[in-house]
Amino acid sequence: MKKFLTAICAMASASCALAQETTTSPLEISGSVDTYFKYDFAKNPLNGKTSFVTDHNSVSLGMIDIALKKKTGKASFVGELSFGPRGQSQSIPDAAAGGSSFNIQNLYVNYDFTDQFSMTAGYMGTFVGYEVISPVGNFNYSTSYLFTNGPFQNAGIKATYKFSDKVSLMAGLFNDWNVYSATRGVSAIGGQLMVAPVEGWTAYINALSGAGYGGYGTIIDLTTSYQITEKFKLGLNAANYDIKDSSVQGSYAGAALYPQYAVADAVTIGLRGEYFKAKAYGTTAATSTTAVTLTANVKSGGLTFIPEVRLDHNSDKPFFNKSGAIAPNAGQFSLAAVYAF
Amino acid sequence: MKYIILFLLVAFSIDLSAQQKQFSKDDNGKFIYYKVVDSQLLSKDTLLQRAKSFVNVVYKKSMKAESITDTSILAKGTMVIDKTILVAGHPSGEISYNFVFEARNGKYRFWLTDFLYIPYQRDRYGNFVATTRIGTPLERNPGKLNAGAWKDVVNSAYNKIDKFGEDFKKYLATNRVEKAKKKTETISTKKW
């Protein structure tokens, strides 16, 4: 049976190979699936204040994610669908009839006018921030406060100019954050400067101003990572978001550091240390949280096994202890399995 | 009839699995793709000219000549390898290599070596990009956990390099001027 299928696939691949001699590249299919178990040391799921990984003491679903991409000449498209808690209500808006989501993470078209200049339009994952929705794109399975409070998607139109392999610039017009349709018109302007000063080091300086979470505001973000040696990588994310109307909740500032070390070919250990400040609004004072997350990635082919321990602290006691009383600390242990194909 | 078709498919697939070739190793234990080709009708200068054209024109987006002499070319290059899922797939990584070409009258040789693998990962926009700029030598033993996946990488790399080698040999054997002249032939239906 296996050889029969191998032969079928081989003949189909040969057909695809012949088709590749034209300017059309074949349809690309990729994706991931993930599942997790999390245990909150206070046995309270409300202690999870960041995105995803929300259940306590349960083998739970992440998402199944499938992406299609095709390029014909200078034009290409990407369509990415996701299903499951992480891929639906926890990351994309419920905008379809009956209060369900469209299941779309990315849906856009791109045109390469030249090798340096391209334009992209549609619904896209945000260019802001270090962490992303897909578990394949993050080292840690749980997410940071910076990720949770920042934009997830920016629908719009953008132009990118690549000056060289070391410098590129993007500028665009966008809808408000995390919506399929603009609620206040195409009223945000954004930009990204990418610099790669030395081999292995890439930095992105991002800015997005206009309609966003809580009204109109401006977010400035630095995202950078440096593969310093073959085994050691260091990442940094720092951001500041100010809403114009200071009486509205949602402004914040924070920074997170991501050192990672490969202890073996298949095993990498990483630490995320984060400081996050939710700024004051109206008569409500600011509040600050620090979080430390220790994570391992154990890889075998497409499968990554992710054990993780996380400790959060906020002296204003937003967490709960075992007896249900408010507490300044929270701790969680999780095990996740992510398969990328 | 269906059993005959099934037999042919099985026989074809067995033939396929037997044909998976592998890299040879050089004196230093590094993978090498090495070919010596007899090209008795062609002079050293013609071979060199065509090889230069191959590197600087045909493969200009993925190769860069480092040194050109009157008998040899040294170049560096990269090529993307794919992961196939049934009839579709996606880029899974890239292989960088060093390319050496040497020519004599009526004969030439070339080899590719110093293969480094850089894995790709899907970014936030659904595109595949390099996860690091530090490559892993293809000869490296990845350990038990990733042995299967690494074997697929090495096989994909070999297939791509082999295709490159065949394209290169075909290019050197082809007279571009005569091929261009052939394209201008037209057929007249007035006289027959």
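## The β1–β2 loop of chain A

A:Lys43 is found in the loop between β1 (28–40) and β2 (58–72) of chain A, in what is a predicted model. The phi angle of A:Lys43 is near 60°, a positive value in a residue other than glycine. As a reminder, most residues other than glycine have a negative phi. A:Lys43 has 13 other C-beta atoms within 10 Å, so this residue is partly exposed.

A:Val53 lies in the loop between β1 and β2 of chain A too. Here phi is near 45°, again a positive value in a residue other than glycine. What about burial: is A:Val53 buried or exposed? A:Val53 counts as buried because it has 26 C-beta neighbours inside 10 Å, and the cut-off for that label is 20 or more.

## Chain A as a whole

Stepping back, chain A is built from two helices and 18 strands. Its radius of gyration is 21 Å, close to the 20 Å that the globule rule gives for 341 residues, so chain A is as compact as a globular protein of that length. Along the principal axes, the C-alpha trace of chain A spans about 65 × 50 × 50 Å.

Of the 341 residues in chain A, 35% are buried. Among contacts in chain A with a separation of 6 or more, 51% are between residues 24 or more positions apart.

## Chain B: layout and confidence

Chain B has four helices and eight strands, and along the sequence they follow the pattern α-β-β-α-β-β-β-β-β-β-α-α. Buried residues account for 24% of its 192 residues. When contacts in chain B between residues at least 6 apart in sequence are considered, 48% join residues at least 24 apart.

How confident is the predictor? The average pLDDT of chain B is 86, and 84% of the residues score at least 70. Residues 12–18 of chain B are where pLDDT stays under 50, and the model has seven contacts beyond four places in sequence for them. For the complex, the predictor gives an ipTM of 0.87 and a pTM of 0.86.

## The nonpolar cores

The largest nonpolar core has 31 residues, and those touching the most other members are B:Leu47, B:Ala51, B:Phe99, B:Phe101, B:Phe115 and B:Ala157. At least two residues of this core come from each of β2 (31–38), α2 (44–58), β4 (72–85), β5 (88–104), β6 (107–122) and α3 of chain B. Which element supplies the largest share of this core? That is α3(B), with seven residues. There is also a second, separate core of 27 residues, which includes A:Ala67, A:Val78, A:Ala291 and B:Tyr125. In soluble globular proteins, nonpolar side chains tend to be buried together.

For a view from inside the largest core, take B:Phe101, one of the members with the most core contacts. Setting aside neighbours within four places in sequence, B:Phe101 is in contact with B:Ala51, B:Ser72, B:Ile73, B:Tyr108 and B:Phe110.

The 15 residues of α2(B) reach 20 Å from first C-alpha to last, close to the 21 Å expected at 1.5 Å a residue. The buried residues of α2(B) are B:Leu47, B:Leu48, B:Arg50, B:Ala51, B:Phe54 and B:Val55. Seen down the helix axis, these buried residues fall within an arc of 165°, so they line one face of α2(B). The face turned away from that buried side carries the exposed residues B:Asp45 and B:Val57.

Helix α3(B) has 27 residues, which should span 39 Å at 1.5 Å a residue; the end C-alpha atoms are 39 Å apart, so the two values agree. Its buried residues are B:Val153, B:Ser156, B:Ala157, B:Tyr158, B:Ile161, B:Phe164, B:Phe168 and B:Leu172.

B:Leu138 sits in the loop between β8 (136–137) and α3 (147–173) of chain B. This leucine counts as buried because it has 21 C-beta neighbours inside 10 Å, against a cut-off of 20 or more.

Not counting residues up to four places away in sequence, B:Leu138 touches B:Phe31, B:Phe115, B:Tyr117, B:Val154 and B:Ala157. Two of these partners, B:Phe115 and B:Ala157, are named above among the residues that touch the most other members of the largest core. From B:Leu138 to B:Pro119 the C-alpha distance is 12 Å, with the two residues 19 apart in sequence.

Methods: Residues are numbered from 1 along each chain as its sequence is written. Chains are lettered from A and ligands numbered from 1 in the order in which they are written. This is a predicted model: local features need pLDDT of at least 70, side-chain atom pairs count only at pLDDT 80 or more; totals for chains, interfaces and linings use all residues. A residue is buried if 20 or more other C-beta atoms lie within 10 Å of its own, exposed if 12 or fewer, and partly exposed in between; C-beta atoms are placed from the backbone. Two residues are in contact if their C-beta atoms, placed from the backbone, lie within 7 Å. A nonpolar core is a set of buried Ala, Val, Leu, Ile, Met, Phe, Trp, Tyr and Cys residues joined through C-beta atoms within 7 Å. The expected span of a helix is 1.5 Å times one less than its number of residues. The radius of gyration is taken over C-alpha atoms; the globule rule is 2.2 Å times the number of residues to the power 0.38. The arc is that of the directions from the helix axis to the C-beta atoms. pLDDT is the predictor's confidence in each residue, from 0 to 100.
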